[in-house]
Amino acid sequence: MAKTAPDSGQWQTVCQQDELQPGQPVEFRIQRPAPEPGAMPLTGFLLLHDGQPQAYVNQCPHLGIELNWMPGKFMDADNLFIQCSTHGALFKPGTGECIAGPCQGDALTALDLRIESGAIQIRLPE
């Protein structure tokens with residue numbers, strides 16, 4: 001099961017619903033203060049799975065590194081699984097569960113999302 005981000009009650013618009021296309025994840029910066037000066041910004045990504053939007057923090061549970069190998073490139077060659085570009089771990093797009101690789105049995109951190117007036121929003125983690 002995907003880990004759920006803590007409930008902060010604050011929402012961030014990621015994109016318009018019609019901008020999210022199958023097989024084309026949208027990467028975004030999570031708008032929150034950096035935990036320490038000089039820290040890398042936290043990013044996330046949004047994708048469609050079986051016609052439903054899913055959002056995750058862009059961090060592999062194995063080493064905490066970003067998953068994508070290029071901006072917006074999160075899927076394996078067959079466009080079936082989310083793939084970590086560093087170790088090749090594979091994650092189910094609907095649940096974030098790791099099914100292959102060094103973090104097998106772990107999961108991506110899911111972000112709560114909602115659709116407001118055609119905009120896809122994520123709940124900001126604390």
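**A chain of strands and its buried core**

The chain exposes about 7,000 Å², of which carbon and sulfur atoms supply 47%; accessible areas come from the Shrake-Rupley method with a 1.4 Å probe, and for residues only the protein chains shown count as cover. This is a predicted model, in which local features need pLDDT of at least 70 and side-chain atom pairs count only at pLDDT 80 or more, while totals for chains, interfaces and linings use all residues. Residues are numbered from 1 along each chain as its sequence is written, and side-chain values use heavy atoms, with hydrogens and water left out.

The secondary structure comes to zero helices and eleven strands. Both kinds of element are DSSP runs numbered from the N terminus: helices are H or I with at least four residues, and strands are E with at least two. Of the 126 residues in the chain, 37% are buried. Buried means under 20% relative accessible area, exposed means over 50%, and partly exposed lies in between (1.4 Å probe, protein chains only). Contact means heavy atoms within 4.5 Å. Among contacts between residues at least 6 apart in sequence, 53% join residues at least 24 apart.

Ile82 counts as buried because its relative accessibility is 0%. Not counting residues up to four places away in sequence, Ile82 touches a list of residues including Phe45, Tyr56, Leu67, Phe74, Phe91 and Leu108. Ile82 and Glu97 are 15 residues apart along the chain, and their C-alpha atoms are separated by 9.7 Å.

Ile82 also belongs to the largest nonpolar core, which has 15 residues. A nonpolar core is a set of buried Ala, Val, Leu, Ile, Met, Phe, Trp, Tyr and Cys residues joined through side-chain atoms within 4.5 Å. The residues with the most contacts inside this core are Phe45, Leu67, Ile82, Phe91 and Leu108. A second, separate core of 14 residues includes Val14, Phe28, Ile30 and Leu124. In soluble globular proteins, nonpolar side chains tend to be buried together.

Next come the aromatic rings. A search of the whole structure finds two aromatic pairs. Rings of Phe, Tyr and Trp (its six-membered ring) pair if their centres lie within 6.5 Å; planes under 30 degrees apart count as stacked, over 60 as edge-to-face and the rest as tilted. The rings of Phe45 and Tyr56 have centres 5.8 Å apart and planes at 40°, so this pair is tilted. Phe45 lies in strand β4 (residues 43–49) and Tyr56 in strand β5, so the pair ties together parts that are eleven residues apart in sequence. The rings of Phe45 and Phe74 have centres 4.1 Å apart and planes at 15°, so that pair is stacked. This second pair links distant parts of the chain, with Phe74 in the loop between β5 and β6, 29 residues from Phe45. Phe45 and Tyr56 are both buried, and so is Phe74. Phe45, Tyr56 and Phe74 form one aromatic cluster.

The loop between β5 (52–57) and β6 also holds Asn68. With a relative accessible area of 11%, Asn68 is buried. Its side chain makes a polar contact of 3.0 Å with the side chain of Glu27. A polar contact is a pair of N or O atoms within 3.5 Å; within protein, one must be able to donate a hydrogen and the other to accept it, and residues adjacent in sequence count only if both atoms are side-chain atoms. A polar atom of the Asn68 side chain also lies 3.0 Å from the backbone oxygen of Met70.
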